[in-house]
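Here is a short briefing to read with the model open beside you. Take a look at the structure first, and then we can walk through its parts together.

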There are 2 protein chains.
Amino acid sequence: MPKSAYHHGDLRSALLEVTAQLVREKGARGFSVSEAARRVGVSIAAPYRHFDDREAMLAAVATRGFTELQETLDGVADPGDQVVRAVAIAEAYVGFALADTARFEVMFAASIDKDRHPELLECAGRVQSGLQDALRELVGDDPAGVVRRAAELWSIAHGVAALLVEDRLAHVVGPAGEDTVVAGAVRAWATGLAG
Amino acid sequence: MPKSAYHHGDLRSALLEVTAQLVREKGARGFSVSEAARRVGVSIAAPYRHFDDREAMLAAVATRGFTELQETLDGVADPGDQVVRAVAIAEAYVGFALADTARFEVMFAASIDKDRHPELLECAGRVQSGLQDALRELVGDDPAGVVRRAAELWSIAHGVAALLVEDRLAHVVGPAGEDTVVAGAVRAWATGLAG
DNA sequence: TCCTCGATGAAAGAGCCTCTTACATCGCAG
DNA sequence: CTGCGATGTAAGAGGCTCTTTCATCGAGGA
């Protein structure tokens, strides 16, 4: 809600939104502070009042993405069977990645310095925690085991998502058949946990 | 071997080398054609005689990386036990990624347009083929099954590698303990294939 | 031997970008 | 109603990519 012609009123939010939009359209590399400012209709220097630099704008989008990812994973219902549940969580992860591939890439972009944006590491920690909670019943009481298995499940889901996002699995999966890879992998993995 | 002071003689190779070096030092985003030219000691326009653009230089480094990855995976000995073999291949994949994380990122960088550099998709196909060969004994005769399982193994290895490269698994693995995640995941997966 | 030609280099510039510095304008607290 | 902090603009330094134009080289034919 702009309070006046001069002062935007909520420039920070507006910039965040247009940044997310630009990333979706052109990818992280295609995004520029200049164009974000232009689209919002402010001068090129204005964004620097709200964000340290270009990287900080991308980091903010990434952080927001992690929050939504967390909600998505938390929203997966427990179907009773713990193997089925693990599969469902991994499928939700992959679905999230494919829903907005550019944002997913920004969330895991190497170009963002984690020392300057420690909140990103926290987000990763929360994903890890959520998976641990979900796996406790499947894995058993060993705390170290739960931690390790959560990392494994995350790795499987993330690997499928990353390769799909990068179009490296095109030969394998037919159209709309993406989930068979992640489902197959997680099912085998979860089955193998018992044996 | 410079043939003269004016003509470099092997500028293309020299640029490739310094590009790989720059990527290792500063990451894909930190790399610039200008600095590569400066380091080799030629004008800024010279690289454009040998590469279409900046992206082509990165793509060349990525392609070379895929070749070496292929060799690394092919070089994994068959220890007899097919589960152990799958684990060893995945560990080799992760080891390759950690040996030069920046190059690994470039190999899977979204910023490189695959339409303009189809050789990168071919490389991915070769990795896929290699894994299929390695898994044939473990999976059995079903050709479609081999294809799917190879994609799964690749996904697991790639997921662990990507998360380790992005420092997202720091809480889980102690120093030098990275391999436990990929080994555990692949072992469970391969075990579950049978059951 | 000389000369031409194609390949490979340099020089210079257009246009874009990030980020900084100095200044203008606003709303609000006292 | 006044002064101050927050938030905007203007202008510019310095860097980058890529293009265009020109200079220089090596090699092969006359």
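## Domains, chains and contacts

Chain A is assigned two domains, domain 1 (1-51) and domain 2 (54-194), with bounds that come from an automatic or database domain assignment. This is a predicted model, in which local features need pLDDT of at least 70 and side-chain atom pairs count only at pLDDT 80 or more, while totals for chains, interfaces and linings use all residues. Residues are numbered from 1 along each chain as its sequence is written, chains are lettered from A and ligands numbered from 1 in the order in which they are written, and side-chain values use heavy atoms, with hydrogens and water left out.

**The fold of chain A**

- Chain A has 8 helices and 0 strands, where helices (H or I, at least four residues) and strands (E, at least two) are DSSP runs numbered from the N terminus.
- Along the sequence, the pattern of chain A reads α-α-α-α-α-α-α-α.
- The C-alpha trace of chain A spans about 65 × 40 × 30 Å along its principal axes.

**Where the two domains of chain A meet**

- The C-alpha centres of domain 1 and domain 2 of chain A are 30 Å apart.
- Contact (heavy atoms within 4.5 Å) links 14 residues of domain 1 of chain A with 11 residues of domain 2 of chain A.
- About 1100 Å² is buried between domain 1 and domain 2 of chain A, and carbon and sulfur atoms give 76% of that area; buried area is the accessible area (1.4 Å probe) that two parts lose on being put together, summed over both.
- Between domain 1 and domain 2 of chain A there is 1 salt bridge, a term that stands for a side-chain nitrogen of Lys or Arg within 4 Å of a carboxyl oxygen of Asp or Glu.
- A:Asp100 and A:Arg24 join their side chains in a salt bridge, at 3.0 Å from N to O.
- On the side of domain 1 of chain A that touches domain 2 of chain A, the elements giving two or more residues are α1 (11-30) and α2 (33-40) of chain A.
- α1(A) gives the most to this side of domain 1, with 9 residues.
- By class, this side of domain 1 divides into 9 nonpolar, 3 polar and 2 charged residues; here Ala, Val, Leu, Ile, Met, Phe, Trp, Tyr, Cys and Pro count as nonpolar, Asp, Glu, Lys and Arg as charged, and the others, Gly among them, as polar.

**Where chain A meets chain B**

- 44 residues of chain A are in contact with 44 residues of chain B.
- The area buried between chain A and chain B is about 3400 Å², with 68% of it from carbon and sulfur atoms.
- The interface of chain A and chain B holds 2 salt bridges.
- One pairs the side chains of B:Lys114 and A:Glu166, at 3.0 Å from N to O.
- On the side of chain A that touches chain B, two or more residues come from each of α3 (54-74), α5 (101-107), α6 (119-139), α7 (143-165) and α8 (179-194) of chain A.
- α7(A) gives the most to this side of chain A, with 13 residues.
- This side of chain A has 22 nonpolar, 12 polar and 10 charged residues.
- A:Lys114 forms a salt bridge with B:Glu166, and their closest N and O atoms are 3.0 Å apart.
- That pair runs from the loop between α5 and α6 of chain A, which holds A:Lys114, to the loop between α7 (143-165) and α8 (179-194) of chain B, which holds B:Glu166.

**How the two copies are related**
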